[in-house]
Amino acid sequence: MINEQTTPKRLTLGDQLRIFGRSGLEQASWNYPRLQNLGFCYVMIPAINRLYAARTDRADAATRHLVSFNTMPYMQSLITGVTLSLEEQRAQGVLVSGDDINAMKVGMMGSLAGVADPVWWGTWRPILSAFAASLALSGFGIGGPVVFFLGWNLVRLGFRWWAQRWGYRQGLHVMDFLGNGILQKLTLGASIVGMFIMGALVPRWTRVTFKATLTTSAHTDYSLQKLLDQLVPGLLPLALTLLCVWLLRHRVKPLWLLVGVLLVSIVGYWLGIFQ
């Protein structure tokens, strides 16, 4: 019979699947004192139960993961994978302290959150939203929302599972990979792509049309809107966007900005300025 004391304690694929299933509920118990700590501890429970037989060891491991924790939820899976690797090494007798595990979590959570926002919220979501909206406006009806739902969740879940597995396999070597400047390059690239996409969406989804006409000495009427489109296409949507950005930077609340644009549109149409 194999002695349980000499058998290396390792996480099974089933354990990692259970951990992955729990990871989607990380923010269900979000709290102000320690942010996502309860959720992260909940995610780690299957690993703690697998790796530690003694009740005191389980209690110490759970307490270790109740410290303050906060990161972008999709990047939490990578931190979870590295944490699983370190907890497994600690259970096997490797000199990995609880402070080492917490230091790793603190070091990764801020940097990963900073790179995730421009990638997910500033790049992938606008691209997918624009594509789905184009499908809906082109007559595909519910196809647009379905494409957005499937595209967002398949990429999100696929990335989280890959990140958890990669972090578990690499362990602390992930820190070496992230420390060579890849995060800064990824953040810059995502920001550039996101700004490019948003710039392309401005003239496509923003409409400002003047109704006024210009009359020449030969009594010929010219549409002011057509003249502007011939000179600088998309000038008015760009000017409106830049004005809104300027107002936001001067601490005008988005709600008042929306109300203001709505009122200007209604009054302008009523006065015959816009059509």
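In this predicted model, the axes of H4 and H6 come within 7 Å and cross at roughly 30°. An angle under 35 degrees counts as roughly parallel, so H4 is roughly parallel to H6. Their crossing is right-handed. On the H4 side, the contact uses Gln76, Ser77, Leu78, Gly81, Val82, Leu84, Ser85 and Glu88. H6 contributes Arg160, Ala163, Gln164, Trp166, Gly167 and Tyr168.

H4 also packs against H5, at an angle of about 170° and with the axes 10 Å apart. The two helices are therefore roughly antiparallel. From H4, the residues are Leu78, Ile79, Val82, Thr83, Leu86, Glu87 and Arg90. They meet Gly98, Ile101, Met104, Lys105, Met108, Met109 and Leu112 of H5.

| H4 with H6 | six residues | six residues | two residues |

Next, the nonpolar core. The largest one holds 37 residues. Met72, Leu78, Ile79, Leu84, Met108, Leu112 and Trp120 touch the most other members. Helices H2 (37-51), H3 (55-64), H4 (76-91), H5 (98-140), H6 (143-170) and H7 (173-178) each give two or more residues to this core. H5 supplies the largest share, nine residues.

What does Met108 touch, leaving aside residues up to four places away in sequence? Its partners are Leu78, Ile79, Val82, Val174, Met175 and Leu178. Met108 is also one of the H5 residues in the contact with H4.

Key. Residues numbered from 1 in each chain as written. Predicted model: local features only at pLDDT ≥ 70, side-chain atom pairs only at ≥ 80, totals over all residues. Heavy atoms only, no water. Core = buried A, V, L, I, M, F, W, Y, C linked by side-chain atoms within 4.5 Å. Buried < 20%, exposed > 50% of the residue type's maximum accessible area, 1.4 Å probe, protein only. Helix = DSSP H or I, 4+ residues; strand = E, 2+ residues; numbered from the N terminus. Contact = heavy atoms within 4.5 Å. Axes fitted to C-alpha atoms, helices over the stretch in contact; angles between N-to-C directions. Parallel < 35°, antiparallel > 145°, perpendicular 65-115°, else oblique. Left-handed = near helix turned anticlockwise from the far one by under 90°. Nonpolar A, V, L, I, M, F, W, Y, C, P; charged D, E, K, R; others polar.
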